[in-house]
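Let's take a walk through this structure together, one neighbourhood at a time. Keep the model open beside you as you read.

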Amino acid sequence: MEYVKVKINGVEVSAPVGSTILEAARLANIEIPTLCYLKGINEIGACRMCVVEVKGAKTLVTACVYPVNDGMEVWTNTPKVISSRRKTLELILSDHDRKCLSCVRSGRCELQQLCHAYKVDDEGYYDGERNEYELDYSAAHMVRDNNKCILCRRCSAVCEKVQGIGVIGANERGFKTFIGSAFDMGLGETSCVSCGQCIAACPVGAIYEKDNTADVFAAIADPEKFVVVQTAPAVRAGLGEAFGYPIGTDVEGKLAAALRRLGFDKVFDTNFSADLTIMEEATEFIDRVQNGGKLPMITSCSPGWIKYCEHYFPDMTENLSSCKSPQQMFGAIAKSYYAEKMGIDKENMVVVSVMPCTAKKFEIGRDDQAANGVPDVDIAITTRELGRMIERAGIVFDSLPDEEFDMPLGLGTGAAVIFGATGGVMEAALRTAVEKLTGEELASLDFTDVRGTEGIKEASYNVAGMDVKVAVASGLKNARDLLKKVEAGEADYHFIEIMGCPGGCVNGGGQPQQPGYIRNTVDIRAKRAEVLYNIDRNNSIRKSHENPAIIELYETYLGEPGSHRAHELLHTTYVKRVVNK
């Protein structure tokens with residue numbers, strides 16, 4: 001690689017040719033502030049926070065898009081630069097709803113942090129006309145508040161370039177510019193798939209998930225209700241960040257302890273139903289292979305992906321596994337098998353799920369998700385919402401002891417926990433499907449070809465004399481690219497795993513938000529995923545079909561995987577939707 005030498009604040013830096021000033025500054029351990037920049041996604045120089053002085057340039061330049069050249073001299077913190085950044089912040093605040101105390105991002109807002117750093121308050125240096133917008137509550141999972149939007153365009157860039165959907169973008173021009181949908185439709189009227197990646201990208205409080213924590217507190221306080229909680233694999237890999245832990249910290253034990261102290265009657269683990277999903281999914285896959293069923297079979301755990309498929313690939317809904325997601329399977333079993341076993345009236349049971357995913361809020365309201373005449377899951381909250389509940393309840397998270405989940409619905413295998421990482425569902429399914437097809441024990445349980453954060457991965461495995469071709473995609477633009485090849489006959493697979501969010505559930509739209517400079521410099525997905533693979537490696541049971549709680553469930557209640565009762569409780573249907581951008 002060819003390098004050039006530049007001076008930044010008097011420090012000589014060797015930077016690769018083609019680097020921007022922003023990238024070169026990071027090599028000198030100098031962080032230039034940004035609000036709009038996301039590496040490889042939104043490199044537009046729109047917010048003007050990253051301006052710097054360059055020797056010989058007549059004006060300040062934007063560091064995020066300005067390339068370095070040999071011998072360049074740059075200054076990032078001169079009075080002129082600082083004055084410009086302050087003025088930019090003051091102009092942003094002039095058309096910004098400054099109700100910081102009630103904002104969901106207060107204390108974790110990138111605009112708020114920059115205003116503090118540059119000593120800009122909310123006195124209103126440029127008071128005058130302001131735009132006012134009604135809040136958009138139309139989507140099942142989130143709220144849009146353009147009164148707090150700073151027009152950074154991170155949300156629309158992620159929606160278009162990462163997810164390949166593009167249901168939001170800049171409307172109007174000049175001072176009247178706002179982020180919205182075509183024809184000013186509510187987000188719920190569009191083909192939005194509820195993935196929440198726009199929420200994760202937003203630097204301020206302009207987009208946020210609908211908060212259902214009050215419903216959870218009310219249910220816990222109701223003496224007539226028996227309230228159980230399930231927590232998804234990826235939550236234990238992300239929740240610690242809400243309490244200052246480094247990215248990639250496993251807080252499973254403290255998670256269970258915190259949930260118990262919030263007052264839930266039982267604290268369970270979605271890993272249990274992830275194992276159950278594998279039993280049903282692997283059985284369905286084997287049946288399709290052996291009996292001429294529709295192939296490739298595509299996983300159905302990610303509700304954002306399911307809605308995307310219904311909108312954009314409606315003819316491929318027949319390829320979807322009929323299995324409900326682990327969240328929904330858990331609720332169905334809790335309100336049947338567990339309720340009957342414990343003598344609890346299903347009408348009085350409230351199932352709460354803690355998910356890294358905002359689309360789960362949409363999923364709980366889907367048709368055919370009420371196996372027992374009552375909703376499988378009553379309330380879905382995100383990892384972020386749980387963090388706020390813990391804070392509100394006065395629970396000192398980092399002082400909690402490590403505790404276990406309750407049994408039997410708290411027992412999960414290593415195969416289950418890796419569901420939270422892209423490739424994890426595929427690997428877990430292969431561990432069971434291969435052993436079922438061959439009748440032999442696997443020598444190695446690690447299917448490393450389907451691991452990693454690449455957008456699309458392919459592999460082929462010889463199983464019982466048959467070459468089984470598999471593919472894994474995460475992020476919906478990657479899913480689109482993969483399925484277009486399948487539709488065109490350019491790719492031939494037996495089994496496909498798709499997750500709606502890039503990197504899988506560990507990078508879900510409901511996980512703790514990280515500021516732009518972290519998103520641009522740290523592989524958050526890989527660090528969180530490693531938590532799950534470590535748990536898998538250290539688990540004494542690493543195959544779903546060897547989970548004793550699952551074995552008992554089938555022996556005493558379901559009969560066998562794919563049975564009539566299993567289909568009634570654990571399988572679902574899909575609809576073909578129109579595209580409405």
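**A guided tour**

Pro296 sits in the loop that runs between α8 (270-291) and β12 (297-298). Before going further, keep in mind that this is a predicted model. Pro408 belongs to the loop between α12 and α13 (414-417).

These spots are worth a look because most peptide bonds are trans, and most residues other than glycine have a negative phi. You'll find Asn9 in the loop between β1 (3-8) and β2 (11-16), and with a relative accessibility of 25% it counts as partly exposed. Lys119 is not a glycine either, yet its phi is positive, at about 55 degrees. Lys119 is in the loop between α3 and β6 (142-144). Its relative accessibility is 69%, so Lys119 counts as exposed; the cut-off for that is over 50%.

Now back to Pro296, which leads us inside. Pro296 is one of the residues in contact with Ile496, once the neighbours of Ile496 within four places in sequence are left aside. Also on that contact list are Met297, Ile298, Thr299 and Met426, along with Ala471, Leu482, Leu483 and Val486. And which residues touch the most other members of the largest nonpolar core? Ile496 is one of them, together with Leu111 and Trp305, in a core of 55 residues. Several elements each supply at least two residues of this core: α2 (79-94), α3 (110-117), α4 (154-162), α5 (197-201), α9, β16 (466-474), α15 (476-487) and β17 (495-499). Apart from this core lies another one, of 31 residues, including Ala232, Cys357, Ile381 and Leu386.

Trp305 takes us on to the aromatics. Trp305 forms one aromatic cluster with Tyr308, Tyr312 and Phe313. Searching the whole structure turns up eleven aromatic pairs. In the pair made by Tyr308 and Tyr312, the ring centres are 4.7 Å apart and the planes meet at 25 degrees, so the rings are stacked; the cut-off for stacking is under 30 degrees. Why are these two tyrosines about one helical turn apart? Because they are four residues apart in helix α9 (residues 303-312). Tyr308 and Tyr312 are both buried.

For another kind of ring geometry, go to Phe447 and Tyr461. Their ring centres are 5.1 Å apart and their planes stand at 85 degrees, so this pair is edge-to-face. Phe447 lies in the loop between α14 (424-438) and β15 (456-463), while Tyr461 is in strand β15, so the pair ties together parts that are 14 residues apart in sequence. Phe447 is buried, at 7% relative accessible area, and Tyr461 also counts as buried, at 15% relative accessibility.

Lys307 lies over the face of Phe362, 5.4 Å from the ring centre. The charged end of Arg565 sits over the ring of Tyr557, at 4.2 Å from its centre. While you're in that stretch of sequence, look at Ser563, in the loop between α18 (548-558) and α19 (564-570). Ser563 is buried, with a relative accessible area of 12%, and its side chain reaches the backbone nitrogen of Ala566 at 3.1 Å.

In helix α6 (residues 213-221), the buried residues are Thr213, Val216 and Ala219. They cover an arc of only 120 degrees around the axis, which means they sit on the same side of α6. What do these buried residues pack against? Their partners are β10 (226-231), β13 (349-355), β14 (379-382) and α12 (383-392). On the face of α6 turned away from the buried side, you'll find the exposed residues Ala214 and Ala221.

Key:
Residues numbered from 1 in each chain as written. Predicted model: local features only at pLDDT ≥ 70, side-chain atom pairs only at ≥ 80, totals over all residues. Heavy atoms only, no water. Buried < 20%, exposed > 50% of the residue type's maximum accessible area, 1.4 Å probe, protein only. Polar contact = N/O pair within 3.5 Å; in protein donor to acceptor, adjacent residues only side chain to side chain. Phe/Tyr/Trp six-rings, centres within 6.5 Å; stacked < 30°, edge-to-face > 60°. Lys NZ or Arg CZ within 6 Å of the ring centre and 35° of its normal. Arc of directions from axis to C-beta. Contact = heavy atoms within 4.5 Å. Core = buried A, V, L, I, M, F, W, Y, C linked by side-chain atoms within 4.5 Å.
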